[in-house]
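Thanks for making the time this morning. I would like to walk through a few local features of one model, so please have the sequence and the structure open as I talk.

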Amino acid sequence: MFRKILIANRGEIAVRVIRACRDMKISPVAIYSEVDAAALHVRLADEAVCVGSAASSESYLNLATIVAAARRTEAEAIHPGYGFLAENAEFARCVIAAGLKFIGPTPEAMEIMGSKTSARRAAVAAGVSVVPGTVEALASFDEARETASRLGYPVMLKASAGGGGKGMRLVTSETELRSAFDNSKSEAEGAFGDSSLYLEKAIERPRHIEIQIFADTRGNIVHLGERECSIQRRHQKVIEECPAPINDPALRDRMGEEAIKIARAVNYVGAGTVEFLVAAATREFYFLEMNTRLQVEHPVTELVTGIDLVREQISVAYGVALSFRQEEIRWVGHAIECRVYAEDPENHFFPSPGRIAFLQAPSGPGIRDDSGVRANSEVSIHYDPLISKLAAWGRTREEAIDRLRRALDEYQVEGIKTTLPFFRRIVRDPEFIRGVLDTGFISRFQDRQPKEMFSHNVEGSAEKSRERDIALIAAAFHYRKLRRDTSINNQPESESRWKMSGRAFQLSARRGIDRKRESPRGQKE
Ligand code: MV4
């Protein structure tokens, strides 16, 4: 087995990979930016190399520096985590060219799946049903108009280079098509430097269900069942679970078979996820995209199958055969994960950077908390503000929810705002408890909340809140500049959050920030 692995990431996922290394008696090497010198992942590794300044483009995205760090520390392989360089084919090529193993699929597979239109072509060639639409980029507006009327409205315009909803537009009639087309094109150009678009028929009230697949270098490919990921906010997953409440073993097998066909078509190696949209009415499912990385929400699959996906990634990269066969996989019980972010759910999910003054993570029966922070950690504006993933396992969905509710109530974070209060309400929501989880869940949920829950909740003096808003806007501009400087699609979800913050600020500024206060809230969660 490898003796030493460099982890090209930070936060909870770097910690997760370090833990797998420990179990496998592999020495983990961390990388860090100047602001992360005291971070948890650095503390837990055997060695750590500073790869640059705070901005990701100067550190965690600096492929040459990272590969040099691996060579210098004599690491034999690089695990990219998720985000940053995880789906960057050029990075994988650099790693391989340096004589190291890249823990992930081949650069060729990443490239095929990186373009959503070539991914659709691969799926069609493999005989898998895709959402009806185009498999080539649209050559002109006229082609978009003709295709849309052939498909029938509503349609979805999507960016070929996209994924995760960036540049996506729902178009309900031909009168809206022109402006949607122009806006989507310029958004795609700005975000990816590639303005090509394609069209899909819009699936109404779909569920987003994805299949975890795993392949080794000897031609074995298995699926590890599904995850339900329909609960999203601004195309950012909020809660994920395994199994999906609507799935039965037959649907799981059918979706699993289709996912394996796609993986086989691109000679996939390692952990991958095939995303499907499932039409609520018919239970028909359509290929959406494939993610060529370990996903944020992998713990729910681990809790239900008992398989350590990161350990398997590492051994497969070394050339070892998969440690289990398809027939050996058993799905036991139910797991649900919450993404706990340093954001204020009572103030438009504004990022809430700062020092964690106090931290008490929950534990006890059925609880797993994958955290990247500890007391005194600084949550920086430079990175995705995910602080931990809180997951609960139970024999039934009901037991998992009971345990999750208990854990959320135990969890205490002071010094920054977190999304914990938002989750505490979700796990008590009757629709959530019933398992009515389509893509409209969050907006219906928010409509059910008392109005003041999501209003601009200003506390402290007007002067102080003005300062805070100015700091946030400065951070937002800085962040946008950073994104423009970076050609790579790193953690694509994050920008929309900053945009949202900017918009929310404009709204509150227009309304006047000196207006009536709500009751002050303590720092304690
Ligand atoms: C769709 C869709 C309906 N029809 N595509 C794709 C990326 C994901 N973040 C949003 N995506 C969607 N693609 C077609 N043809 C609806 C969505 C969608 C969605 C999907 C899953 C979970 C939440 C969602 C929220 C809004 C839209």
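At what angle do helix 4 and helix 5 pack, and how far apart are their axes? Bearing in mind that this is a predicted model, helix 4, residues 89-97, and helix 5, residues 107-114, pack at an angle of about 175 degrees with their axes 9 Å apart. Angles over 145 degrees count as roughly antiparallel, and helix 4 and helix 5 are therefore roughly antiparallel to each other. On the helix 4 side the residues are Ala89, Ala92, Arg93 and Ile96, and these meet Pro107, Glu108, Met110 and Glu111 of helix 5. By class, that contact has five nonpolar and three charged residues, and no polar ones.

Strand 6, residues 155-159, is joined to strand 7 by three bridges, and Val155 stands opposite Val171 in strand 7.

Finally, a single residue. Gln295 sits in the loop between strand 15 (285-291) and helix 10 (298-305), and at 1% relative accessibility it counts as buried. The Gln295 side chain makes polar contacts with the side chain of Arg293, at 3.4 Å, and with that of Glu297, at 2.7 Å. Beyond its neighbours within four places in sequence, Gln295 is in contact with Tyr82, Glu210, Arg227, Lys237 and Thr273.

Technical notes: Residues are numbered from 1 along each chain as its sequence is written. This is a predicted model: local features need pLDDT of at least 70, side-chain atom pairs count only at pLDDT 80 or more; totals for chains, interfaces and linings use all residues. Side-chain values use heavy atoms; hydrogens and water are left out. Helices (H or I, at least four residues) and strands (E, at least two) are DSSP runs, numbered from the N terminus. Buried means under 20% relative accessible area, exposed over 50%, partly exposed in between (1.4 Å probe, protein chains only). A polar contact is a pair of N or O atoms within 3.5 Å; within protein, one must be able to donate a hydrogen and the other to accept it, and residues adjacent in sequence count only if both atoms are side-chain atoms. Contact means heavy atoms within 4.5 Å. Axes are lines fitted to C-alpha atoms, for helices over the stretch in contact, and angles run from 0 to 180 degrees between N-to-C directions. Angles under 35 degrees count as roughly parallel, over 145 as roughly antiparallel, 65 to 115 as roughly perpendicular and the rest as oblique. Ala, Val, Leu, Ile, Met, Phe, Trp, Tyr, Cys and Pro count as nonpolar, Asp, Glu, Lys and Arg as charged, and the others, Gly among them, as polar. Two strands pair if DSSP finds at least two bridges between them.
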